Number of protein chains: 2
Amino acid sequence: MSMAPQANVADAPRATTFLDMPRLSKHLGVEFFLASETFQRTGSFKFRAAYNVAAKIHQHHVIAASSGNFGQAIAYACRLFGKRCTVVMPVNSVPVKIEAVRAYGGEVDLVDTSRMTRTARVGQLSAEFPDAYIASAYDDPLVIEGNATLGTEIAALENPPDVVVAPVGGGGLTAGLVTACRKSVRQIKVTGAEPATANDAARSLRERRIVSQDVESQTIADGARVLSLGRHNWEILRENLDGIVEVPEEAIREGVRLLFNLAHVKAEPTGALAVAALIVASDRFRALRVCCVVSGANVDTGAFAAILAD
Amino acid sequence: MSMAPQANVADAPRATTFLDMPRLSKHLGVEFFLASETFQRTGSFKFRAAYNVAAKIHQHHVIAASSGNFGQAIAYACRLFGKRCTVVMPVNSVPVKIEAVRAYGGEVDLVDTSRMTRTARVGQLSAEFPDAYIASAYDDPLVIEGNATLGTEIAALENPPDVVVAPVGGGGLTAGLVTACRKSVRQIKVTGAEPATANDAARSLRERRIVSQDVESQTIADGARVLSLGRHNWEILRENLDGIVEVPEEAIREGVRLLFNLAHVKAEPTGALAVAALIVASDRFRALRVCCVVSGANVDTGAFAAILAD
């Protein structure tokens, strides 16, 4: 077996940016700070998972379905390790997202989702390239392991939080955070923040089984539109997640504005979910020291300006 | 003499945020990274100077004229040290800036600048409060010393830059950077970035004397509208500044957009001056490793959205 290609250490995931939030804490009445992944390579925490996948698999070709942050992340991670990467995206994806995947070195495979699901197209490609690794954006032990590095950074803080609040889509981020926090001697809880209109994870916790949405939510937090939790994530989250806050759309928008205006942080809507959870459930966090994860910053400029102008 | 009040060490200026810029470096054809002061307390590098002033003076009351970042910075620094702070601001200042000074604990003294200059009003207050310290936003050895802490952080990098590019208004930031870089064993040059419509510093270097603008420029980079370099700064800059790039208004706006879109950094126009200098003078920096200082992020939301929409 040949040596696995090595990426330069300078290309490894960068440490998160911890930011204390004096003005925003005062505004919300909750003492909190951010772990901001907005400056992570490719603009979101997804690079942590993508890097771990590209580093650990022996395959030289990765196929993934993603119209969002994982697509960019896996494309860039594959380039760093000299691997080929094919990203299946809906033909009606925002052009800036298609361009971003290409800019990071990925091949974009456009699928007309009115005729064929993305999953079906991945199946076709998998048959065409049997030696390729099919990467899930959120349901893969390597993804959980990659995301856990963020939890390890948080748990290593001199003054760690009582609770970490993070967005929930497929559950890969919270599963990683839980995994890391359980390994720490510190008692750190993890709470999810999920759009109220895409609350399959909250319903799953209530019903103690994976509940799937019937149709994809059109929540502004597009990173949380996933239909259901990943199975690997569910095994971790079902017993260990300290609840989920269900966040209305308007609170998500307000979270984006507050982060921008009072903390100078550019967050995509999904990235603002945790702060938005503090808006709608401040009593729950009042007596605690809270760390909110801002998961990413990849947002269309026009859409962002529209939120600011609300 | 009573003990000087001590601020909590947690309130000291926070370390700058270093961010490498792979996409933006590629876009501009210059290898550079940021030292971003957008997450500095009160949203700009000015807190470094303000904190140093409030910490080192023995007076218990500070009077300053500032319609911008120094006003917020000195108000907050004085509060940390239990000192009174009066900030003289034009009566037609943007309300959000007046509110910000008050939110940080400062008293705002509004002056109708069509009837009396800010300097004259400071003179009146100085007569009224003879025991107060009159703080300059940019021309004071304590300001230079405070700003030098940023240069010390840059010079201490494992892989330091060949040149630091930073905005020039009154010259306090570049004077601080030069001071720190000269103390380092590293050979680090400092280059200024100044609005072309407020180019008194560039003209001063050419004419080898402090040149003052006749009227205040209306440059979008409002932190650089100062009429002339401070005298203390000039003594340092005249022999040690490695030139100044004069930046047209449109490049400043493009700098704001590039930082937001390709680097997820919210910069106020003055804060984008250094990156804008790379746009207009890329040849000058081509073979160098460059550090651009993003000096602050305090910008009106509507004005920012308008720049994005250009």
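This is a predicted model: local features need pLDDT of at least 70, side-chain atom pairs count only at pLDDT 80 or more; totals for chains, interfaces and linings use all residues.
Visitor: What is the area buried between chain B and chain A?
Guide: Interface size is often given as the accessible area lost when the parts come together. Here carbon and sulfur atoms give 55% of that area. The total is about 2,300 Å².

Visitor: Which residues in chain B lose the most area to chain A?
Guide: On the chain B side, 24 residues are in contact with 24 residues of chain A. Three of chain B's residues together account for 30% of what that side buries. They are F39(B), H264(B) and K266(B).

Visitor: How far apart are the closest N and O atoms of R41(B) and D20(A)?
Guide: The cut-off for a salt bridge is 4 Å. R41(B) and D20(A) form one, and the rule finds two across this interface. The closest N and O atoms of R41(B) and D20(A) are apart by 3.1 Å.

Visitor: Which element gives the most residues to the side of chain B that touches chain A?
Guide: The elements of chain B that give two or more residues are β1 (17-20), α1 (22-28), α10 (249-263) and α13 (301-309). One of them gives four residues, the most. That element is β1(B).

Visitor: How many residues does the largest nonpolar core have?
Guide: In soluble globular proteins, nonpolar side chains tend to be buried together. F32(A), L34(A), L259(A), F32(B), L34(B) and L259(B) have the most contacts inside this core. Beyond its neighbours within four places in sequence, L34(B) is in contact with residues including F18(B), L259(B) and V275(B). The core's count is 80 residues.

Methods
Residues are numbered from 1 along each chain as its sequence is written. Chains are lettered from A and ligands numbered from 1 in the order in which they are written. Side-chain values use heavy atoms; hydrogens and water are left out. Contact means heavy atoms within 4.5 Å. Buried area is the accessible area (1.4 Å probe) that two parts lose on being put together, summed over both. A salt bridge is a side-chain nitrogen of Lys or Arg within 4 Å of a carboxyl oxygen of Asp or Glu. A nonpolar core is a set of buried Ala, Val, Leu, Ile, Met, Phe, Trp, Tyr and Cys residues joined through side-chain atoms within 4.5 Å. Buried means under 20% relative accessible area, exposed over 50%, partly exposed in between (1.4 Å probe, protein chains only).
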